[in-house]
Amino acid sequence: MPIQFDEKNQFFHLFNDNFSYVIGIEKNRYLTHRYWGKRLPFYAGSNALQRIDRGFATNPFPEERTFSLNELPLEMSTQGNGDHRIPNFQIRSNSGHDVTDFHYQSYSISHSKKPLPALPSLRQNQSEVTTLSIRLVDSQQNLALDMIYTLFEDLSILTRSTAFTNQGLAEVYLENAGSMSVDMANDQLDLLTLYGSHTNEANISRQALRPGIQKIESSRGTSSPQHQPFLALMDPFTTEFDGEVFAFHFIYSGNFIAQVEREQYGSTRVQMGINPDHFEWVLKPQATFYTPEVVLNYSSSGINGMSQNFHTVYQQHLVNPVFKTKERPILLNTWEANYFDLSEKKLLDQAKQAAEVGIELFVVDDGWFVDRNAADSSLGDWQADLKKLPNGLKTLSKNVHNLGMQFGLWFEPEMVSRKSQLFQQHPDWALQVPSYPMTEGRQQLVLDLSRTDVQDYLIDTLSKQIQENAIDYIKWDMNRHLTEVGSLAFSAKQQKEIGHRYVLGLYHILEVLTTKFPNCLFENCSSGGGRFDPGMMYYMPQTWTSDNSDALCRSLIQYGYSYLYPPIMMGAHVSTVPNHQVGRFTPLDTRAWLAMSGNLGYELDLQTLSSQETEAIAKQISFYKKYRQLFQFAKFYRLQAPNQLFQSAWLFINEQEAMVICFNGLAQAAHPIQHLKLHYFQDDALYEEQSTQQRFSGVELNQAGILITRIKEDFHTFVFHYKKVGSC
Ligand code: DGJ
């Protein structure tokens, strides 16, 4: 799986069995992008560079008027000397100027992938990787820019990041430190992004690129439910099943930009990085600034192909290796059953009933710590409220363990309430800008995670809780975005570093805790999917997908998130009806199929259910346990996108069996003929459908499809379970 350098033609050819990526060196100075797509046996430069003397073009070599940086397909933008497209980086010198002139200097190739210092990045694990590092230098200021590429064996994945090093004697200021830039040789493309809001995450936007810049971003301090740090470009004819997709996903949990520029001569520049708004980094002499990593994903088999690539690489190379192949427990979360109204007796009764139906992990959500009776107090005071839990957490945890379940607890560690002992003792520990009011969200303030004393306090507090109370699972919540992003611990010059330093502080805390407690399962949550991103996923292998647990809404949200994340990463709970977020009644079965299509949990008061409902839940749980390998580790494909009647379908398939789940949405009188093609069955295998015992060839299921009949009931779910019984 090599990276080859063609000395004569000055091309780097990065390839494996799945794709090729070619970088050129032009004039011994500039890095150009020459090709990305289907695997080539070798690259000889058939798509030669365009050379035209254009109006308004500026020329680094005055006599060569056909050579302009503004048209060259660059692999890294240049600054202030003629490349007028969006910049990947901007460096201000000590004398206040905004120009650099980086030239190619050298390259190195290694067969390993170094973790990015202080940042999450894809892990090498056992597989083969090759890393190419290309160094550019600005000799005037003595700056180095390293472009780092890693290619993984057997995957259609390439990672990119950039490192800026100051080898000079004067400080310089990074006003923009993007992770990557690439100029693609096509502008007739669709742009795919995921957008949303609290309780309405991961909506799909697919639009034809228009001339100019199109950007999605976050300046909220976190990656946000508003926009996923992701974009993909694709041919307008690409579907879920066919066609090329070029996707980019950012392993970062703070402010980001993902932008494209469809420029004047038919190419498209793509960039991803930390959002330069509200950012600046003082790069001291001899210091290096590492940018977060971007995952580049090439699919020649449509959007499902793109998703498969992401699912595989995240499960194999991103999550904590302990959880790579570990089955996830079925949990009961107490939030919607109790909100803040807890007592030891109530929890124990709920735990007993949970154990009886087969739940494996009992999670006490918000409300368990001192005086936490509403959202307006106590964050930061992580001690059990003895009025609610007179025997303390240790006893509660012991009792839950005695029932044969694991014990889980909710924290919102990054926050502090004004009404808390922590804030009384350390008002300087909150993010703040002197003399300005501290804006509250959900009546809470944000701790200044850029401070090492705050980091140490949180590591200490959480470690004690985990140890003393034998905690098996932590739900790590974060329920507001950042304002007054300033720190009392840093100089005036460094205040624009605080947004990024906050994220680095968070990563440090998580790195220490997950290393100290490798078997403790951390679930990421930010009012649901508010910080569902690969950076958090590196530490926490699952995320509470959305605070909206209505089955119909969840079918849309989980559909959207499945573009990027496998079902095992999506916490999905069966909740009560009428649903607490939208008031809708949906059948218990449908709620369960939706939750089983993620990482199954329950979030309701089992004591309020009828005996038939409790029995049904016990059956769901034992069914899921039987097929957990399929739901949590099989390949997942989308078969039908949600239509106006909210019908959608997806598939779990492994070597032995397959489960087709079709949500029927709203019933309609004039039901059309609907044959759902299954696409991903093995053509020459024979399958038996388990409820009818009918046998079909894989190719027939793929090509002719299966009939979805009419049903006079809203929100019904059809499930077809096939086992492979031979070949044909
Ligand atoms: C927001 C989360 O998304 C909910 O699931 C719940 O944990 C509440 N916070 C608790 O305050």
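Modeller: Start with S450. S450 counts as buried because its relative accessible area is 7%; buried means under 20%, exposed over 50% and partly exposed in between, with a 1.4 Å probe and protein chains only. This is a predicted model, so local features need pLDDT of at least 70 and side-chain atom pairs pLDDT 80 or more, while totals for chains, interfaces and linings use all residues. Residues are numbered from 1 along each chain as its sequence is written, and side-chain values use heavy atoms, without hydrogens or water.

S450 sits in a loop. That loop runs between β25 (445–446) and α6 (452–468). Helices (H or I, at least four residues) and strands (E, at least two) are DSSP runs, numbered from the N terminus. The side chain of S450 has a polar contact with the side chain of D448, at 2.5 Å. A polar contact is a pair of N or O atoms within 3.5 Å; within protein, one must be able to donate a hydrogen and the other to accept it, and residues adjacent in sequence count only if both atoms are side-chain atoms. Leaving out residues up to four places away in sequence, S450 touches Q455, S487, F490, I498, R501 and Y502. Touching here means heavy atoms within 4.5 Å.

Now the ligand. W410 places a polar side-chain atom 3.1 Å from a ligand oxygen. For D366, a side-chain N or O atom is 2.7 Å from an oxygen of the ligand. For K475, that distance to a ligand oxygen is 2.7 Å. On its own the ligand has 290 Å² of accessible area, and the protein covers 98% of this.

Next, the cysteines. The structure has zero disulfides, a disulfide being two cysteine sulfur atoms within 2.5 Å. C520 is in none; its nearest cysteine sulfur, that of C525, is 15 Å away. C520 is buried, at 5% relative accessible area. The sulfur of C553 is too far for a bond, because the closest cysteine sulfur, in C525, is 17 Å away. C553 is buried too, at 17%.

C553 is one of the buried residues of α9. In this helix (residues 551–561), 10 of the 11 residues are buried, so α9 is largely enclosed by the rest of the structure. At the start of α9, a side-chain oxygen of D550 comes within 3.2 Å of the backbone nitrogen of L552.

Methods. Accessible areas come from the Shrake-Rupley method with a 1.4 Å probe; for residues, only the protein chains shown count as cover.
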